[in-house]
Amino acid sequence: MKRIYLHPGPIRLWHWINATSFLVLIVTGLQLRYREAISLMSFEQAVDIHNWFGFILLGNYGIWLLYYLLTGKIKIYLPPANLGKFIKKAISQAKYYGYGIFIGEENPHNSTPENKFNPLQQTAYLQIMALLIPLQILTGLLLWDMDLFSRWINLAGGVKIVDTVHVFLFLFFSSFMIVHIYLATLGHTATAHIKAMITGYEEEHESGH
Amino acid sequence: MFKGIRNLAQAYLAAQARRGKALVETEDQNLALRLRNGLVVLFGPFIGLSFIVLLPLIPVIFVLALIPRIALGSAALESDEARMCMGCHSAPMTKTFVNGEKLSVHLQGKDFSGSVHSFASCTNCHQDVQLDKHPSAKYASKRDFALHVAKSCKMCHDDRQLLASPVHKNIVNRANAPPCSDCHGSHSIRKVAVLKAKKNTSEYCLTCHGKDLSTSIKGERVSLSVKAESIKNSVHSKHACTDCHAAFSTTNHPVQKFASKRELSIALSGACRNCHPDKMKQLEGSIHYRVLAGGNLSAPVCIDCHSSHTVGRTAMAETLAGVPCKRCHEAVFKMYRESVHGVAKAGGNKHVPICSSCHFAHDVKAAGATEKMKEACLGCHKEALELHSKWLPNAGAHLEAVTCAACHVPEDAEHGGNRSIFLYVSDKETGAALGQAQVEKILGKEAGLENCEESGNCISPDEFWTIYRKLDRESPVQFTGKMKLESGLASHRLSLKKNAVRKCEQCHRADSGFFTDVKMAVMKTDGRVQVYNVDPKVLSSYMAILPLGKFYAIGSTRVRVLDYLGLLFIVGGVSVPAAHITVRLLTRGVRKKRKGGHS
């Protein structure tokens, strides 16, 4: 059994804060949008909590960005220079999830601190971290203080359009979280990846090759 | 003395007989001169003095001699009949008419002074009354009595004489002609010219117009009387009548023709411009003026609010009793009286707004189409935004999309107090609201907008999108949504803060009743708003994301398609892992076998 220190402390902290914020934001978001059907809390409470956790998410994104930029580890999100090879790897990763995993093949990707993500993860996380989360935070910010950001809102075409983007992303993140949690169980044991995100150490079978 | 004169005369005659003729003539002549001189000295001063005193009496005697009537007049009150009448009427007494009016029938000598009828005796005019009978006639009113007595005037002043005067010609044969005494007086009867003489312009006018004077235009009675008291108490007390009635003077009284009484009022209001051009300019931008210009003559002009002669101070128009708006807007005023403002005003609070505080006195705009009402509210409630911000997220955006009244008036379906969503169409660049004519022209007949003025839920999401596209192609437009009360009437019934809408859930839920009445609003030429009923589904349709980009309420106007999309995402998010797990479970044997093979 090989133990790799895959998730440094700040990233683990960031991940769990992120996870909590996402959950809280999804629940309060649902409460705000479907008040007639859900009564977990009052609308005011939902607004307050949603705003607070929105800012936590914003600050947390800052921690993540700062950490990765300062340590230079941001490159783990970036696809390699050889795109052809990357695509090939991505296809073989997809083949693994779609077929190999069922017949007991090994995961073609072995995570190391320098090459943490498989090509599919890399693609998804790059899009999420560089585009979708900033967009979600930005639209959330605009909606948080519509008076302050009225110019930006108007530039975007109005509050309804900003909100539509925000809600669309919320729906995407909600479904993504389900898939994300499922994929997290696909380590060498069901809890291996989850434990790794707590302890920092990913256990891997010594494959012998 | 007389004995002395006789002796002197005898001595003169005796002396004449004794002396010679020549001598006598000389002596007599001397004596005669001396006698004459004696008489002059004796009586001259007396006669001269008497002549000077009596001289003025000569023309009087002459006139009296020439005009028997006047000669008789001096004795009018002295006649037996007059003495008899005055026997009672010189004491204070009143006559009461059927309508309760009272008339003093107490007369004194001075009441007849200067009368051109002083020659006449009482019964010449009061013909019912004779020396031997005094019937107790019943008259409906003072005026009825005056009209009755006036019949006697025609006994002497026949129609031909009367109609010769243009003033009389205008009045005398009219059904509602005033009694003669209105202008000429009852006992001290004078020519009107005498009454008008030596008066300033206003007094001159009031000689007639101070009386109960009226005319009629196409059967409508138009009062021409002006109470001197009203002018005196008005803010225009220092003005002469001719300052406003410029065409008239002591020498000019042109005949003016108007199609109706209303047109006369409108024409007269034009005079106000001379001194108040600023107010007139404001008025020209007002809804009242636009309605008037649109041909509705009942729209108010200056004198409708300020009155014509009793023009009061502005402060008067700001009281519950004096506010002129209530004359036309009675229902609105009733709502206002019930409001927190109306109650406070009645309680004596002078700082409370009344009509003109919010709608302005001259630049009255159709409240629905402008931001003036919000500005008016915030003008007094300066801390409103700050106070709302303490509990209301995005308070500014709320205040922009929701009118003050929409929250601060208790729900009241009876008076149009339900919330409605108004979708105003405006030019994207200039922000100017689109006019009804412009919109109907662009959309054409096939849009059938006029059918949506009455019938509910008329414009479907598809149609709304088509309308938007057509308008936008012509020139970029935007829809601005506003939550308002269904009717402006109810907007006046503002209530206490504690009764206001405060719970977020009242709006922010899909089943909120505040979003069930939706109207598309365009401007009419008079500044009012024309609405077309819109299907409320438009608010939550994906078709409206672009046109209604600026109107959104979390929960209530959420785009429904996103709900279904969300469901699809979640189902997808769950079913992919579920399918994956299933296949993994099903292929467990394969993996075991392979693992076994390896080992």
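Predicted model: local features only at pLDDT ≥ 70, side-chain atom pairs only at ≥ 80, totals over all residues.

Student: Why is B:Ser540 called buried?

Tutor: Buried means under 20% relative accessible area. B:Ser540 has a relative accessibility of 13%, and therefore counts as buried. This serine lies in the loop between β8 and α30 (560-586) of chain B. Leaving aside neighbours within four places in sequence, B:Ser540 is in contact with B:Thr557, B:Arg558, B:Val559 and B:Arg560.

Student: What makes B:Lys218 exposed?

Tutor: The cut-off for exposed is over 50%. B:Lys218 has a relative accessible area of 73%, so it is exposed. Its place is the loop between β3 (214-217) and β4 (220-223) of chain B.

Student: What is the phi of B:Lys218, and what is that of B:Phe360?

Tutor: B:Lys218 has a positive phi of about 50°, and phi of B:Phe360 is near 65°. Neither B:Lys218 nor B:Phe360 is a glycine. Most residues other than glycine have a negative phi.

Student: Which residues have the most contacts inside the largest nonpolar core?

Tutor: That core has 33 residues, and those with the most contacts inside it are B:Ile459, B:Phe515 and B:Met520. At least two residues of the core come from each of these elements of chain B: β5 (419-427), α28 (436-443), α29 (461-474), β6 (477-485), β7 (518-523) and β8 (529-534). The largest share, 4 residues, is supplied by α29(B). Not counting residues up to four places away in sequence, B:Met520 touches several residues, including B:Leu423, B:Ile459, B:Phe479 and B:Tyr532. In soluble globular proteins, nonpolar side chains tend to be buried together.

Student: What does the second, separate core include?

Tutor: It has 29 residues, and among them are A:Ile11, A:Trp14, A:Phe22 and B:Ile545.

Student: How many residues does the contact take from chain A, and how many from chain B?

Tutor: The contact takes 38 residues from chain A and 42 residues from chain B. The two chains bury about 3,600 Å² between them, with 65% of it on carbon and sulfur atoms. Of the area that chain A buries against chain B, A:Phe102, A:Lys160 and A:Tyr182 supply 23%, more than any other three residues.

Student: How do you know that there is a cavity to count?

Tutor: A cavity is a space where a 1.4 Å probe fits but cannot get out. By this rule, the count comes to 1 cavity of 30 Å³ or more. The volume of the largest cavity is about 40 Å³.

Student: Which residues line the largest cavity?

Tutor: The lining is formed by B:Asp427, B:Leu434, B:Gln438, B:Ile442, B:Leu471, B:Ser475, B:Pro476 and B:Val477. These divide into 5 nonpolar, 2 polar and 1 charged. Asp counts as charged, so B:Asp427 is the charged residue of the lining.

How values were computed. Residues numbered from 1 in each chain as written. Chains lettered and ligands numbered in written order. Heavy atoms only, no water. 1 Å grid on protein atoms, 1.4 Å probe; cavity = no way out; pocket = protein on both sides within 12 Å on 5 of 7 lines; lining within 4 Å. Points joined across faces, edges and corners; volume = space filled by probe spheres on them. Core = buried A, V, L, I, M, F, W, Y, C linked by side-chain atoms within 4.5 Å. Buried < 20%, exposed > 50% of the residue type's maximum accessible area, 1.4 Å probe, protein only. Contact = heavy atoms within 4.5 Å. Buried area = accessible area lost by both parts, 1.4 Å probe.
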